[in-house]
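Reader: I'm new to reading protein models. Could we walk through one together, feature by feature?

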Amino acid sequence: MIIVSGCLAGLNCRYDRQPKPVEYVIQFVADGKAIPVCPEQLGGLTTPRLPAEIRDGRVIRADGVDVTDDFNRGAAEALYLAKLVGAKFAILKARSPSCGCGKIYDGTFSSTLISGDGVFAALCKQNGIEVKTEEDI
C-alpha cells in the first residue's frame with residue numbers, strides 16, 4: 001500500500017482548495033493500491049486556509065501565526081494511518097510544508113526554495129517510509 005498526498009489524488013484539500021491531480025496517483029487510488037491523506041486537514045486545519053511555510057523549524061502562516069502544533073498533529077495522524085496499512089512508500093506533494101521532500105519554501109513567502117523536508121515527509125523518513133514527490137516519479 002502506498003500513501004499519497006490527497007491533493008495529488010484530486011481532493012480539494014490544499015490551502016487554496018485547488019487540487020493538483022496526477023493521473024497515475026489517481027489510478028493507484030482507484031486500483032486500491034494507494035490511500036490519500038492530507039496531514040494538514042488531519043491536524044485540524046481548515047480548507048481553504050492561509051499558506052504556511054517552515055521557518056527556523058516552525059511552521060508559520062503568511063499572517064505570522066504559528067501552526068506548528070497543527071502540522072505535527074496531522075503528520076502523526078497520517079503516519080498512524082500509513083503504519084496501519086503497512087505503507088513502505090509515499091508519493092507526496094512537492095514543496096509542501098507538510099509533504100515536500102528534498103526542497104521546501106524558505107519561510108519568506110517569496111517562492112525561494114531551500115533544501116529540506118515538510119513535517120509529514122520528514123516523519124515518514126524517520127519511520128522507514130520511502131518518500132518521493134510527484135515530480136520524482
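**Starting at one serine**

Author: Ser 98 sits in the loop between strand 5 (89–92) and strand 6 (103–105). Helices (H or I, at least four residues) and strands (E, at least two) are DSSP runs, numbered from the N terminus. This is a predicted model, where local features need pLDDT of at least 70 and side-chain atom pairs count only at pLDDT 80 or more, while totals for chains, interfaces and linings use all residues. Residues are numbered from 1 along each chain as its sequence is written, and side-chain values use heavy atoms, with hydrogens and water left out.

Reader: Is Ser 98 buried or exposed?

Author: Buried means under 20% relative accessible area, exposed means over 50%, and partly exposed is in between (1.4 Å probe, protein chains only). Ser 98 has a relative accessible area of 3%, so it is buried.

Reader: Which residues is Ser 98 in contact with?

Author: Contact means heavy atoms within 4.5 Å. Setting aside neighbours within four places in sequence, Ser 98 is in contact with Pro 39, Glu 40, Phe 71, Gly 118, Val 119, Phe 120 and Ala 121. Glu 40 is worth a stop: it belongs to helix 2 and is buried, with a relative accessible area of 10%. A polar contact is a pair of N or O atoms within 3.5 Å; within protein, one must be able to donate a hydrogen and the other to accept it, and residues adjacent in sequence count only if both atoms are side-chain atoms. The side chains of Glu 40 and Ser 98 make such a contact, at 3.0 Å. Not counting residues up to four places away in sequence, Glu 40 touches several others, including Leu 45, Arg 49 and Phe 71.

Reader: How many aromatic pairs are there?

Author: Rings of Phe, Tyr and Trp (its six-membered ring) pair if their centres lie within 6.5 Å; planes under 30 degrees apart count as stacked, over 60 as edge-to-face and the rest as tilted. A search of the whole structure turns up one pair. The ring centres of Tyr 24 and Phe 28 are 5.9 Å apart and the planes are at 75°, so this pair is edge-to-face.

Reader: Where do Tyr 24 and Phe 28 lie along helix 1?

Author: An α-helix has 3.6 residues a turn, so residues three or four places apart point the same way. Tyr 24 and Phe 28 are four residues apart in helix 1 (residues 23–30), so about one helical turn separates them. Tyr 24 is partly exposed at 25% relative accessibility, and Phe 28 is partly exposed with a relative accessible area of 25%.

Reader: How many disulfides does the structure hold?

Author: A disulfide is a pair of cysteine sulfur atoms within 2.5 Å. The structure holds zero. The sulfur of Cys 13 has its closest cysteine sulfur in Cys 38, 3.9 Å away, and that is too far for a bond. Cys 13 is buried at 4% relative accessibility, and Cys 38 is buried at 12%.

Reader: What about the backbone?

Author: Most residues other than glycine have a negative phi, and most peptide bonds are trans. Here the peptide bond from Thr 47 to Pro 48 is cis, with omega near 0°. Pro 48 lies in the loop between helix 2 (39–42) and strand 3 (52–55) and is exposed at 51% relative accessibility. Leaving aside neighbours within four places in sequence, Pro 48 is in contact with Tyr 15 and Arg 17.

Reader: Which phi values are positive in residues other than glycine?

Author: Asp 56 is one of them, at about 55°. Asp 56 is in the loop between strand 3 and strand 4 (58–61) and is exposed, with a relative accessible area of 77%. Arg 95 has a positive phi near 70°; Arg 95 lies in the loop between strand 5 and strand 6 and is partly exposed, with a relative accessible area of 23%.

Reader: Which residues lie nearest the centre of the largest pocket?

Author: On a 1 Å grid over the protein atoms alone, a pocket is an open set of points where a 1.4 Å probe fits, with protein on both sides within 12 Å along at least five of seven lines; lining residues have an atom within 4 Å of a point. The largest pocket is lined by 26 residues, and Arg 14, Tyr 15, Arg 95, Ser 96 and Pro 97 lie nearest its centre. Helix 2 and strand 3 are the elements that give two or more residues to this lining.
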